[in-house]
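Thanks for coming, everyone. Please have the sequence and the model open while I talk.

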Amino acid sequence: MRLLNRLWGVWLLHWLSTFANAQVQLQHLPDHPRLFANATRFVKVKNQTDSVSRQLRAYIRKTAEQTLTAEQIVYPSKGFKFGPMREVQGRIIVLAMSYRLTGDERFLNRARQELLQLAALPDWAPNHFLDVGEGALAAGIGLDWLYAELTPDERDQISRSIVQNALLPSLDVTEGNGSWVDGDFNWTQVCHSGLTVGALAIAEREPELARQIINRAIKNLPHAGAVYAPDGAYPEGPSYWSYGTTFHVLLIEALRSTLGTSFGLEQFPGFLKTADYNLQMVGPSGLDFNYSDYHLETQNEPIMIWFARETRRPDLVRQELVAVNTLYRAAVSNTKSSVHPNRHTPLELLWWEPTLAAPSTTASPRHWTSQGVLPMVVMRSAWNDPLATFVALKGGTPNHSHAHMDVGSFVLEADGVRWALDLGTESYDKMRAAKLDLWSYAQNSTRWSTFRVGPEGHNILRFDGAYQDITGKGEVNPLPTKKGSLGNSVDLTSLYRNQVVRVQRDLTLNADRSVTIEDQWSTGNKPVEASWQWLTKAAITRTPNGLLLRQDGKSLALIVESSVGRTIDIEDVSEAKNPQDSPNPGLSRIVVRLASPANCTTKLVVQIIPGSLYEPAQQK
């Protein structure tokens, strides 16, 4: 594993040196519109007759109609403008797209109104540069797509705002100090993408400034691209995967459509595999493996169509096409959709190719593992079975953007119920109000005192109640296959440095759909109290050999075996523990406690048996 990490380091240096010398040429810019689509492309998608294109056009038009009567956006005079910037971006995209498709001047006039209000703002909140990235994308698309219809004065006003509120302020942010400029987190993708779109929209006016912005983006995106290697996993979790990866794709498409090349920004090892990561994160219940700072949004994912087109894999669009159909039916029937619409959904029409609707014989693996920045494993007994057993476990480190102290934690589903939970993110506003070190991942950061973020709120091992070591990293390795089982081990030793000598967690999905978790640790010269945690919303009763969980008319048996004496506590953790914590109604924490003597090895095995395996036999 150390050799592999060194190889990735060599790879990153190679890419950084490659992109550091990239120099864009802006002498022969295409006419407007040129970002994401030109006039010919807009005509083509307007006339596509396949069912998906028709559904998307109908959805786009209906959303634009609703936007015509929406109240004016109120931008805060101070502080964050994040929500309003995302809102105006969605409005401009859908209105400008609808005008390009229909020629209806109502959409043009409302888009113009939104653009000019955005351009008139004195600033776009550079103290929180995500807001600027979002605003630059909105203004850049609006200016480009509606360029011919805007008056010269309106073009000047919008262009000046892009320069003064986005491009020039971005140059005040330096590289090398943990900023978004050369970071390995979602801000790097979002900010560089939005700024590049803005720069390409005004490039004929400010060619040297535009070149500087675009070259800087190309140079620094490898830092963010490196986190996907080699298997596509995303350290910041599924919701930030959606955010960062979407803007990564937008940057690629902005460069391709305007300059004729992506400069290889889609070629980072693991990047084109990351669509599989997105599929693997979803359990049979439809719930994600919601690790790290996860925000539940139930949005559709437009970039899945882009990945399907890029890789020529129709299997990647299945879930997204269901979501598009859901949005379409809700729009035409004026009902609330179970899918929260994504502000980038109109762009799907530009990426969609009718050939992607063809049947696919590609089958996603039931056993998926990743290495790299985020080692993890996902196993399931079947695809397309809502009652399948699903278990996912993460390795990695707490010391990364949006990370939790959760290395070795897992979620588990069986018989349609999620029995072992991750709670996702805590409210950032609550954590700020409690004056925590919200974005500090240091060993003694007060961030870890938050229940959902720290060790208290995860399905992990603990020793004497101590924190995991933030300098450690959990690496995942395969287990030998036995009688149709699937399995991995995760080496957790470095996470518990100075607590115990060695720690390993083995996770096995057995051929009969049961799951085995086997933990083993060795102590040094002092004894420790070990604790094993499992969070659940199930009703819990004790049995002679463990516990029985019941939820939604289903059951799950936990058979607990250990090499030393153990006790099992069932703790009510539904109430908020601290000012920064939210309540978690109905939540319990199972804690198995074991006293491990000095200089010995302790083993704890938990057999997890879905009720569907034993209840029919009982009924007979």
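**A walk through the model**

Let's start inside. Ile540 touches Leu547, Leu548, Leu549, Ile570, Ser588 and Ile590, leaving out residues up to four places away in sequence. Contact here means heavy atoms within 4.5 Å.

A word on the source. This is a predicted model, where local features need pLDDT of at least 70, side-chain atom pairs count only at pLDDT 80 or more, and totals for chains, interfaces and linings use all residues. Residues are numbered from 1 along each chain as its sequence is written, and side-chain values use heavy atoms, with hydrogens and water left out.

Back to Ile540. Is it buried or exposed? Ile540 is buried, with a relative accessible area of 17%. Buried means under 20% relative accessible area, exposed means over 50%, and partly exposed is in between, with a 1.4 Å probe and protein chains only. Ile540 and Pro455 are 85 residues apart in sequence, and their C-alpha atoms are 22 Å apart in space.

Ile540 lies in strand β12. Helices (H or I, at least four residues) and strands (E, at least two) are DSSP runs, numbered from the N terminus. Strand β12 covers residues 539–543, and five bridges join it to β13, residues 546–551. The two run antiparallel. Two strands pair if DSSP finds at least two bridges between them. Ala539 has Arg550 in β13 as its bridge partner. A hairpin of two residues links β12 to β13.

Now another hairpin. Strand β1 spans residues 367–370, and β2 spans residues 376–380. Four bridges join them, and they run antiparallel. His367 stands opposite Met379 in β2. Five residues sit between these strands, and Gly372 takes a positive phi near 85° in this hairpin. Which residues of β1 are on the covered face? Trp368 and Ser370 are, while His367 and Thr369 are on the uncovered one. In a regular strand the side chains alternate between the two faces of the sheet.

On to the helices. Seven of the nine residues of α12, residues 303–311, are buried, so this helix is largely enclosed by the rest of the structure. The buried ones are Ile303, Met304, Ile305, Trp306, Phe307, Ala308 and Arg309. What do they pack against? The partners are α10 (238–259), α11 (274–280), α13 (318–333) and α14 (348–351). Just after α12, Arg312 takes a positive phi of about 55°.

Helix α10 holds Phe247. Phe247 is buried, with a relative accessible area of 0%. Beyond its neighbours within four places in sequence, Phe247 is in contact with Gln89, Glu134, Leu137, Gln189, Val190, Ser193, Gly194, Arg343 and His344. Val417 is 170 residues from Phe247 in sequence and 34 Å away in space, C-alpha to C-alpha.

Finally, the whole protein. It has 16 helices and 17 strands. The C-alpha trace spans about 80 × 55 × 45 Å along its principal axes. Of the 620 residues, 60% are buried. Take contacts between residues at least 6 apart in sequence: 71% join residues at least 24 apart.

One last item, charge. The mean positions of the 61 positive and 63 negative charges are 3 Å apart. Lys and Arg count as positive and Asp and Glu as negative; His and the chain ends are not counted. Each charge is placed at NZ of Lys, CZ of Arg, CG of Asp or CD of Glu.
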